[in-house]
Amino acid sequence: MRSILQNLGNRADGNGGAAPAEGDGASARSAPSPQDAKLRLEVMQDIEQAGIGWIWASDAEGKLVYLTEAAAQSVGRELDDLIGQPVVALFETDADNPDGGSQRPFNFQLKAHNKLSGLTVRFALGKSRHDVKQAWWTLTAHPKFDANNNFIGYRGQAKDVTVAYERELIDSKLAEYDSLTGLANRHYMNKRLDGILASYRKAERACALMMLDLDKFKHVNDTMGHAAGDSVLVQASDRIKSVVGERGTVGRLGGDEFQIILPDLDDRGTLGELAEKIIAIVSQPYPLEEEKRAVIGTSVGIAIAPYDGLEREDLAKASDLALYAAKNGGRGQFRFYASDLKDEEQERQALLDDLRDALAAGELELHYQPVVNAQDNTVVCMEALMRWQHHERGFVSPGLFIPVAEETDLINQMGAWALRQACEDAAQWPSTVNVAVNVSAMQFANRGFPDVVANVLAQSGFDPGRLELELTESVFLGDTDATEETFKTLKGLGVRLALDDFGTGYSSLSYLRSAPFDKIKVDRSFVDSCTEEEQNSAKIIAAIVGLSNALSMETTVEGVEAFDQLKVVRDKGAKLIQGWLFSKALKQEVILQRITSGEFKIEPEGPDLHRRERRSVFRKIGIIHEDHHYRATMRDLSTNGSRIEGIMGVPVGTPLVLDLGAGQLAVCEVKRSNDSFIAVEFETPLVSDGAGGLCTRHRVSPYALAAAGMPLSALPDGSYPHEAMGGPAKSKPQFMEVQVGGNQAG
């Protein structure tokens, strides 16, 4: 110990004495006398025993060779357990150090022989960083070198700062974490995303960013109070964290906005599946006080660095635009960012303005889709579906404009119009045919809704028993007593009630017990997969039919599009069927013509077998074969393959790569070839892009494109020719390009 203490005052050059003052010309002092060394030893021993400070030292190999005994006792260890241990095994810096920010790891600093000045470390030997009780020290030390400038270890002091540091951690948590949910706040998320993107850019790694907010959350606050809203926020936060797990960091930016950082994740299939899980679990009802519950939903926007942006601001803007696209697409959906997305906030307001004008000008229409008796195909009901043909936008999907209307009182005006129009139209049908009208949860929550129904029935003279109101589980949002009173009033009017989309929610059985429904509609998602052996959809359909029979309710199975599906649902006992196999939605004039001609039975007509959805497209793409890039036209597309026109002479079995643009390359094999048409099967199935389209799981990294001579930036639109990535072609092309629609070969 005496030699160590003598060295504490040595110069860094290894000489024994202290360095002379700069510029004073004084000669070096002589070596300390034995009396000086004894006094120094006594002073250091007094300091150690008084607990004022601890002394530590390491050797050239980084092992601890000296430590004050009181220091070992403070962490509950024997001194012999610590001496000889590598210093990096004893201590580690805190990645969440409030002052540290960009601190380098402790072992890096020691290996670099850096001076340590007040470095806060955690005693880590045998202790997890997740343990509740920790010991925090500050280390100050100088690296020591011999006369030949060889490193021989550290000499320094240590101090226990556990109490002060944990107080600092608490203060930091209050500054960087949301007090209501415990999630990271906007400040922390911005700092973390900045750090990840900066380091990942150098390492050429990807990072995904999800943006989401809660659909219909404002309605919870308005109808149930802010205490209920806070409870929903806390529960939603816990659910999101449970889905994300260790894969990423979840933060609350404010209000009902959340953000998720997902490092090293660019697989759009995995991201889409994660988004769907989040949407599903967030949409589950939320229990509240007094046996109330709230039903909300969420939409998710996804952007991925480096494809959609390299800086935090660009990536956040991209995920915001994707979120708005998801909300405008019907809510309860996810979207990936695409460079052609507009400012959706402005677009939504423009759509709302146009919708108001359309309602006032009578541009909205109702079309009616038949529901038939499963035994004799007789039409027994017609479901009213709202249609809007805009003079500039063309056909606007209800999945787009209904959610926009639900954000304002416009949904109540549209709902009242639909009820009046449906009753007026249905009054011209045979008395054996009912009419079904969809009711938004926003309409149902309006205390004046029963009066609207009563007024429509009174003014039209329509038989209440022929009017069916189709409701979803979301109508149970809000005041339970008010909901029950609305049900009671509607049943008093004599109308029929149907529970739509049955089987896709989380508390359907309790709804059936408490609400006076006359009919259950089996969601089409079960019909889509009812012919697939590995699915349980057929059994679920049978169970729902059996349940409704036991409760003396009718059952409509919707979404039947092929004869094999029809056979399954009939075999499972379905009595009422709806779907394109019988008819799409019809205009009122077409219905009246059929009634006049005596046709009110509809014979099924369609494909024998239900096939995996194939989308008709007309899209220019590139085809890569060896070192050549051909241009062709994609005619249709499914998850497993595509039909393409534009190249001739391609043998069956030829491996190709489809260049779908924006860095999307799909490896495939030719399965059929006929003149200028080929059919290919993908090596890896495509995945949903969240917007009803398909995309590849991965994209060619812009880093790879940069290495091939293209700029390092978020990928622009357009195809990336093979020549741009691999240089000019070195062989002759084996196939001929053909102009689509003509006979000119190229």
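1. Start with a buried charge. Aspartate 267 has a relative accessible area of 14%, so this residue counts as buried. The model is a predicted one. In it, the side chain of aspartate 267 meets that of arginine 697 in a salt bridge, at 2.8 Å from N to O. Aspartate 267 sits in the loop between strand E9 (257-263) and helix H11 (268-282), and arginine 697 in the loop between strand E31 (694-695) and helix H24 (702-707), so the bridge ties together parts that are 430 residues apart in sequence. Arginine 697 is partly exposed, because its relative accessibility is 24%.

2. Now take arginine 699. Its salt bridge partner is aspartate 308, with the closest N and O atoms 3.5 Å apart. Arginine 699 lies in the loop between E31 and H24, while aspartate 308 lies in the loop between strand E12 (297-305) and helix H12 (312-328), so this pair ties together parts 391 residues apart in sequence. Is arginine 699 buried or exposed? Arginine 699 is buried, at a relative accessible area of 14%. Aspartate 308 is buried too, with 10%.

3. Most residues other than glycine have a negative phi, and most peptide bonds are trans.

4. Next, a pair between strands. Glutamate 470 and lysine 521 join their side chains in a salt bridge of 3.0 Å, N to O. This pair links distant parts of the chain: glutamate 470 belongs to strand E18 (residues 467-471) and lysine 521 to strand E20 (residues 519-522), 51 residues apart. Glutamate 470 counts as buried, with 3% relative accessibility. Lysine 521 is buried as well, with a relative accessible area of 1%. The pair is part of a network: salt bridges with shared partners join Glu383, Glu470, Lys521 and Glu558. How many salt bridges does a search of the whole structure find? The count is 29.

5. Turn to the aromatic rings. There are 16 aromatic pairs. In one of them, tyrosine 177 and tyrosine 188 have ring centres 5.4 Å apart and planes at 35°, so the pair is tilted. Tyrosine 177 is in the loop between helix H7 (162-176) and helix H8 (186-203), and tyrosine 188 is in helix H8, eleven residues apart. Tyrosine 177 is partly exposed, with a relative accessible area of 24%. Tyrosine 188 is buried, with 13%.

6. Another aromatic pair joins phenylalanine 444 and phenylalanine 449. This pair is tilted, with 6.3 Å from centre to centre and 50° between the planes. Phenylalanine 444 is buried at a relative accessible area of 3%, and phenylalanine 449 is buried at 3%. Elsewhere, Trp54, Phe91, Phe123 and Trp137 make up one aromatic cluster.

7. Rings also meet charges. The charged end of lysine 584 sits over the ring of tryptophan 580, 4.2 Å from the ring centre. Arginine 268 lies over the face of phenylalanine 336, at 6.0 Å from the centre of the ring.

8. Then the cavities. The whole structure holds three cavities of 30 Å³ or more. Which elements give two or more residues to its lining? They are strand E15 (379-390) and helix H23 (588-596). Lining residues of the largest cavity include Val379, Met382, Ile591 and Arg594. Also in this lining are Pro370, Leu586, Glu599, Phe600, Lys601 and Ile602. By class, the lining has seven nonpolar residues, no polar ones and three charged ones.

9. Finally, two backbone points to check. Histidine 113 is not a glycine, yet has a positive phi of about 55°. Histidine 113 is placed in the loop between helix H6 (106-111) and strand E4 (116-123). With 30% relative accessibility, histidine 113 counts as partly exposed. Aspartate 675 also has a positive phi, near 55°. Where does aspartate 675 lie? Its place is the loop between strand E28 (664-674) and strand E29 (677-682). Aspartate 675 counts as exposed, at 56% relative accessibility.

How values were computed: Residues are numbered from 1 along each chain as its sequence is written. This is a predicted model: local features need pLDDT of at least 70, side-chain atom pairs count only at pLDDT 80 or more; totals for chains, interfaces and linings use all residues. Side-chain values use heavy atoms; hydrogens and water are left out. On a 1 Å grid over the protein atoms alone, a cavity is a set of points where a 1.4 Å probe fits but cannot get out, and a pocket is an open set with protein on both sides within 12 Å along at least five of seven lines; lining residues have an atom within 4 Å of a point. Grid points are joined across faces, edges and corners, and a volume is the space filled by probe spheres set on the points. Helices (H or I, at least four residues) and strands (E, at least two) are DSSP runs, numbered from the N terminus. Ala, Val, Leu, Ile, Met, Phe, Trp, Tyr, Cys and Pro count as nonpolar, Asp, Glu, Lys and Arg as charged, and the others, Gly among them, as polar. Rings of Phe, Tyr and Trp (its six-membered ring) pair if their centres lie within 6.5 Å; planes under 30 degrees apart count as stacked, over 60 as edge-to-face and the rest as tilted. Buried means under 20% relative accessible area, exposed over 50%, partly exposed in between (1.4 Å probe, protein chains only). A charge sits over a ring if NZ of Lys or CZ of Arg is within 6 Å of the ring centre and within 35 degrees of the ring normal. A salt bridge is a side-chain nitrogen of Lys or Arg within 4 Å of a carboxyl oxygen of Asp or Glu.
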